[in-house]
Structures are given as C-alpha cells and as structure tokens.
Amino acid sequence: MDVNLDEIDERLVRALQDDGRASYETLASVVGLARSTTKARVQRLLREGALRLVGAIHPAVFGLHQLGHVIIETDGPAGPVADEVAKIDEVSFVTTTAGRFAVTAELRAADMAAFARGLARVQAVPGVRSAQTMTYLRIWKDPYFPPGPLESPGPLADIDLDAADHALLEHLRTDGRASFADLASLTGLSPGATRVRVLRLLEAGVVHVGALVRLTPLSRTYTMGFALTFTGDAEPVARKVAGLAEIDCLATGAGWCDAIGTIRVGSLDEVLATLERLRALPGVRTVEAWTHLRAIKEENDRAVPPA
C-alpha cells in the first residue's frame, strides 16, 4: 500500500530509524505531540504499511563479508530486469531509478569470489546492457548499521551467539518492537534475562532496530542516490559527507566510483542544496545523482513474519 507521509510522520520515521525501540515518551518529545497522539501515529503507520519496525541483522551473522553496489543500464523497460535481479540470492536490495541507469542493487556475499559469481548472475539477466560495481571497503553511515566508520561489512564485537540469541534475532528481524515478555517466550528465559540479551545484541552491533520505509512514488520524501569521485584520500572527504544530516547512508570503496550514498530530504530545494554542498566540498571531483523510484527488494523481505 502506498501511503503519503506528512512532516510529523517523517520526523517520527527518522527518530525510529535511529532507535526503533524508542519509547513513545521519547518519540513524543521529538515531534512535540502528546504520548497518546504519538503512539496513535506510529500504530497508524504500521497498520497502513507505511513502515515496518525491523531488526537489521549484521551481515557477518550470516557469514556475509563482502558487500557492494551495482548500477545497471537496460535494453528496454527496467521493471522486468529489476524483478529478475531481485531473484538472485546474493542480491539484498533492488530499486528502479530515474537517471543514466535504470536499476540499482546491493550484493552481499561470503567473499570476493562469491560476490563475483553473484555479479555474473546479474550481468546474465536478459535486458541488462551493462552492470558496473563498487565494492565496499568502509561503511560510514547507514541507518541499519551501528555508528561508523565500519570496515565492510563492519567487524562484530567479540561475541558468541547461541541458539537463544539466534531465536531472538530471527524474531526481531520481523518485529523490532516485540516486548521482552514476547521475546522471552521464544527462548524459555525470563523477561529480565531476555532484556539483558537483547541489549547485549544491540550494543554489540549484531542487530539494529530501525524503521524500514518502502520507496514509493507517492512519498513526500525525496530519496536520491549519489556517487562521488575524489581527487585524493577518501577518508577526510567521507567524514565531511557523513556528517551532513541530509545524508542517509554512505560507503566508500573501489570500482566505478569512490563513494556511494543516499540523500533523504523533504523537498527538491533540499535535494539541490545538498548536492551543491557535496559539489563544493574540497576533495570532491565529480558528483552523479539519481532518483530512487521504487524498492523492488529489501533485505528484510527475506524475513517471514511470525504466524
């Protein structure tokens, strides 16, 4: 279902992206509404399908250590190509776009050899004219990762996961705001012991609970992808880019560009202003931008909601 979010909804979404388990009191203080009104808004957004509150599991939990981004030019319509690319196991994210290329995708694999095999499958999809990739070396900012910079895909803390931890992660993957009592029923632990476990998983960066918002043409928010090339060392420029509030995610790496990211703002004027800030940064050689139109596949689509 396509749902049009107003300004207050967008502020709630941003707060929930930072902390999907934030209390309604905390969220109310962010948007300046009463707790009851804030709770009703969040529940409406969930009910109408405008967002899901999910636990994004660190790729390393699944043995995925090589991440990268692919841009795809097509011969003919983009939709059928995007649908086929989304079926590839190594592909975790697919969008259709308005720009020089028609489809973007993210690949996650165990290592570079597996990544290359996934890329070859993308290139073999009928209708793909060309596919260029940028493999991630460092993730600077991402609403579904702990604070960066993280070496791709970000090292996990020295933490051993047992069967109870995996059961908690699988449930959080589909219901990020599940109560400790509900989560305890999955493990046989007490709610108190479950709380300790969940906080440990959150603090270690094993899981991040945030708001998953589908890209739709009706959204009031503009979601723009961008690619940068640099004149020198990536680190000082990346730090400045990641520090901009309008930047939703940013990764640096090797390939067709030096950095790739997303701008999430509420108006075209803000899009232009952010692109101009990027162009003006010392060390930025080129900026290429495109509009994400619709998400065909998202990583959390793999999770099956509990019965």
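Let's start with helix α9: its buried residues pack against β5 (128-141), β8 (222-230), β9 (247-255), α10 (268-280) and β11 (284-297). Buried means under 20% relative accessible area, with a 1.4 Å probe and protein chains only. Helices here are DSSP runs of H or I, at least four residues, and strands are runs of E, at least two, numbered from the N terminus.

A word on the source. This is a predicted model, where local features need pLDDT of at least 70, side-chain atom pairs need 80 or more, and totals for chains, interfaces and linings use all residues. Residues are numbered from 1 along each chain, and side-chain values use heavy atoms, without hydrogens or water.

Back to α9, residues 234-242. Which residues are buried in α9? They are V237, A238, V241 and A242. D233 caps the N-terminal end of α9, with a side-chain oxygen 3.3 Å from the backbone nitrogen of E235.

Next, a helix pair. The axes of α7 (residues 180-187) and α8 (residues 191-203) come within 8 Å and cross at roughly 95 degrees. Therefore α7 and α8 are roughly perpendicular, a label for angles of 65 to 115 degrees. From α7, the contact uses F180, A181, L183, A184 and T187; from α8, P191, T194, R195 and V198. Contact means heavy atoms within 4.5 Å.

Last, T194, in helix α8. T194 counts as buried because its relative accessibility is 0%. Beyond neighbours within four places in sequence, T194 contacts L168, F180, L183, A184, T187 and L189.

How values were computed: Buried < 20%, exposed > 50% of the residue type's maximum accessible area, 1.4 Å probe, protein only. Polar contact = N/O pair within 3.5 Å; in protein donor to acceptor, adjacent residues only side chain to side chain. Axes fitted to C-alpha atoms, helices over the stretch in contact; angles between N-to-C directions. Parallel < 35°, antiparallel > 145°, perpendicular 65-115°, else oblique.
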